[in-house]
Amino acid sequence: MSEPTFTLDGDDVPFTEGQTILQAALGARRYVPYLCFHKDFKPHGSCKVCTVKVNGHHAAGCTTPARAGDVVESQTEELTELRRDLVQFLFTEGNHFCPSCEQSGRCTLQAVGYELGVTQGHYNPLFPTRPLDASHPDVLLELNRCILCELCVRASAQVDRKHVFALSGRGLTKHLVVNAESGRLGDTDLAVEDKAMKVCPVGAILRKRRGFTVPIGERTFDKAPISQVLVAPHEED
Amino acid sequence: MDRDLSAILARHHHDGGRLVQILRDVMAVAGHISPGAITRVAEALALPRGHVEGVAGFYSFFATEPRGRYRVRFSDNVTDQMAGSRALAQRMLDAFRIELGEVSRDGLVSVGLTSCTGLCDQGPAMLVNDHAIARLTPARIGAITSLIRGGSPVAQWPDNLFRIDSHIRRRDLLLGAPFAAGDGVAAALARGAADVRLQIEQSGLRGRGGAGFSTATKWAACAAAPGPVRHVVCNADEGEPGTFKDRELLAHHLDLVLDGMTVAAVAVGATHGLLYLRGEYPFLIAPIQAALADRRARGLLGRDVGGARGFDFDIELHVGAGAYVCGEESALLESLEGKRGIPRNRPPYPVTHGYRQQPTVVNNVETLAAAALIAVHGGAWFRAVGTPRSAGTKILSVSGDVERPGVYEVPFGTAVRDVLAEAGALDVQAVQVGGPSGTLLAGSELGRRIAFEDVPSAGAVMVFDRTRDILGVVDNFARFFAHESCGFCTPCRVGTTLNHHLMARVCAGKGSRRDVDDLVRVSRLMKAASHCGLGTTAGNPVLDALAKFRPAFDARVASEPGPAFDLDEALAPAREATARDDAGAHLDPEAP
Ligand SMILES: Cc1cc2nc3c(=O)[nH]c(=O)nc-3n(C[C@H](O)[C@H](O)[C@H](O)COP(=O)(O)O)c2cc1C
Ligand code: SF4
Ligand code: SF4
């Protein structure tokens, strides 16, 4: 029996039972922009950047089960516009100054922004006041750049089994917290080998003293746009 | 505190699933949930500390920093504001010489705002610690201020302060039917599960919580779902601003609701019931507990319910802690499990994977009340009223600019105009039906009907006469959604705040056409891409108001964008730090 398929922008995409639209698309080497998805974790669908239209209705590609015969749209001007706005929202919500960020060039938010043609801010920045935590000997926690994707939360809970990171607050006050009464990363058992150290798509969880081992200009997304890189950059860098 | 904490944990059997209840109790004894308390609760429950901190930080009634010994929160629904709540709040702030959200230096009192407390028929209202106070007037504020200064426990304040009135103005099928505790249970047991489900199907009953989903379909799916244990959840979160009909049902027709839960249990084969009561209704906790105890004593809960061998069913009360999103059924389940109220991904649906991943029906208070009567009188009795697609009656909560605010039970298909006439509305400019997430009707649309196929409504009808500023109404709703977004998904987390800021700019006369365009853009994006109903409806007031009251916007905005960055406003922190507000401390000499 042949594999079931759905169509993505008119082309057949095969999938296996249990896969979501985004998983199947990536499996078929078709790029759909995303931020909070990671192949090693169960999709949770919070960033909504992978929003597609399934039979005419908006749905998050990462959490919507693939179904045979569905008609999925992704590379349309309407959806690109929607994704651009979501990326604008994330820039507006945090404090992102790419030129002075050591993650520039291997940052997924920045790369997805370029991919979608986000060249300048649209909404008034919210300029949140967020702390910087340098208490850990090997790790810098720079929450100004956190996009609340929860990948570190999931990695620490599911893979490292340490629960170093969690979320508190709600709405716009939602923020990352660490598993220590002092609130300081240095008082947790986070180690540089942890999976939680390898999944941050932006410049929020940084390895100290390694920021510029690969010079700017020679980094993953300096060389190729994210739609061609397809896999998460920090696992190659 | 350590002793208190041990007692609280023991009372909740060290069950991490009861974390929200545990933290409510910690708040009650300690006034806030300190970092140390979080650590100890986490250790005692064997939960990651971050999990407990996350839950403590999610609900608005939890504070992780010291608040006043008296925590005053004024209900900030638009109907409270229309009745003068902000001026009353200011009176109290002046009396204690504090700012909104601040704690007095002696730690005595803090005064803040909270989303609609469901007392819109008798506002302005407030919460003080675990007590609700309605019908606020300057005199009552004076009395409360003195009581706080006097330092006596809120529980010992004069009873008349805490009186909650009942305003049931029109009764029909549900509120008019004679009913005694156990009638529905006896009828359901006599019919058997299959016939109860059949009667519900024939009744055409659709959910009263907002979505209007077929109750029969939901119950059939849960009954068919495999699982050793099934649950019935009564959704009494009633968070939609302007809605208070569930409050009246729980206060005055509680047996109808509890019978309805038991009827649902018969129909789906459930053994466990949960009633999730919003934290804004503390005055209902004791009556509900008493009714549950009474039913246990009378064999209407517990083992062999209603004398039916082998039919065991009991109901647990859970109380929320200030989070509108927890009315969304999957967020409600998360909250019942002691977690942050984040809506789940679906599929799977609660009917197969609900409370503790077991088959669960979640129904609104009014839906369950209707089910109890349908068990007694049969489906045809119910179906005879209403419209073909909206069977039965709807209980509406009417408030705002009307002479007789209160609860009106009307047959589905009733014109909005008829409801307003009965409530005594004059010179109507607009009506918000279904709360902020519902539909804003202009005065010219009052012939439209309350029905799923026309103007659907979970129950709120807020009336605005021609003296009201519609933009101010929309601004209030935008602020509500920004405050209540759970923050899980990007479009709603950021979009609700952007809309709130944009509306505030427009209302302040600083907006431009571009801001109006952005309001539309943000609202549409939230509708298209949000994860749950909160985000998909959060833009409704803006979009409705722009479609129906465009001149009100045009009159308030400039055609050219003003500066995005308000230099004078940016100096505000400096003014505050230097305690200056004179002309020299402003860029614009005209201000303040
Ligand atoms: C943000 C949000 C808040 C909600 N609040 C409530 C509520 O307070 N009470 C309620 O019964 N349903 C509420 N609902 C609807 C529930 O998700 C669910 O549809 C309902 O409880 C099902 O019961 P029913 O079929 O009897 O209406 C809310 C939905 C959303 C999206
Ligand atoms: S985290 Fe990414 S988007 Fe943010 S400042 Fe750094 S490079 Fe730019
Ligand atoms: S739409 Fe809003 S309330 Fe719903 S999940 Fe997203 S952020 Fe939370």
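**Exercise 1. Determine which element of chain B gives the largest share of the shell around ligand 1, and describe that shell.**

Solution. The largest share comes from β9(B), which contributes three residues. The model under study is predicted.

Step 1. The shell comprises 18 residues, and the closest of them are Gly209(B), Glu238(B), Asn363(B), Asn364(B) and Thr367(B).

Step 2. In chain B, β9 (360–364) and α22 (533–537) each provide at least two residues of this shell.

Step 3. Sorted by class, the shell holds nine polar, six charged and three nonpolar residues.

**Exercise 2. Identify what polar atoms lie by the oxygen atoms of ligand 1 at Thr367(B), Arg208(B) and Gly239(B), and state how much of the ligand's accessible area the protein covers.**

Solution. Step 1. At Thr367(B), a polar side-chain atom is 2.7 Å from an oxygen atom of ligand 1.

Step 1. At Arg208(B), a polar backbone atom is found 3.2 Å from a ligand oxygen atom. For Gly239(B), a backbone N or O atom is 3.3 Å from an oxygen atom of ligand 1.

Step 2. On its own, ligand 1 has 610 Å² of accessible area, of which the protein covers 89%.

**Exercise 3. Locate Phe97(A) in chain A, classify this residue as buried or exposed, and describe the surroundings of ligand 2.**

Solution. Step 1. Phe97(A) is situated in the loop that joins α2 (77–93) to α3 (108–116) of chain A.

Step 1. The relative accessibility of Phe97(A) is 51%. Because the class "exposed" begins over 50%, Phe97(A) counts as exposed.

Step 2. Phe97(A) takes part in a nonpolar surface patch of about 630 Å², together with Phe127(A), Phe565(B), Leu567(B), Leu571(B) and Leu587(B).

Step 3. Phe97(A) is also one of the residues that surround ligand 2; among the others are His96(A), Cys98(A), Cys101(A), Cys107(A) and Arg145(A). The shell around ligand 2 divides into seven nonpolar residues, three polar and one charged.

**Exercise 4. Explain what the salt bridge between Lys195(A) and Asp40(A) ties together, and classify the accessibility of both partners.**

Solution. Step 1. The closest N and O atoms of Lys195(A) and Asp40(A) are 2.7 Å apart.

Step 1. Lys195(A) belongs to the loop between β9 (175–178) and β10 (205–207) of chain A, whereas Asp40(A) belongs to the loop between α1 (21–27) and β3 (51–54) of chain A; the pair therefore ties together parts 155 residues apart in sequence.

Step 2. With a relative accessible area of 16%, Lys195(A) is buried. Asp40(A), at 40%, is partly exposed.

Methods
Residues numbered from 1 in each chain as written. Chains lettered and ligands numbered in written order. Predicted model: local features only at pLDDT ≥ 70, side-chain atom pairs only at ≥ 80, totals over all residues. Heavy atoms only, no water. Near = heavy atom within 4 Å. Polar contact = N/O pair within 3.5 Å; in protein donor to acceptor, adjacent residues only side chain to side chain. Areas by Shrake-Rupley, 256 points an atom, 1.4 Å probe, with all protein chains shown as cover. Helix = DSSP H or I, 4+ residues; strand = E, 2+ residues; numbered from the N terminus. Nonpolar A, V, L, I, M, F, W, Y, C, P; charged D, E, K, R; others polar. Patch = residues over 30% accessible without salt bridge, like charges linked within 9 Å, V, L, I, M, F, W, Y side chains within 5 Å. Salt bridge = Lys/Arg side-chain N within 4 Å of Asp/Glu carboxyl O. Buried < 20%, exposed > 50% of the residue type's maximum accessible area, 1.4 Å probe, protein only.
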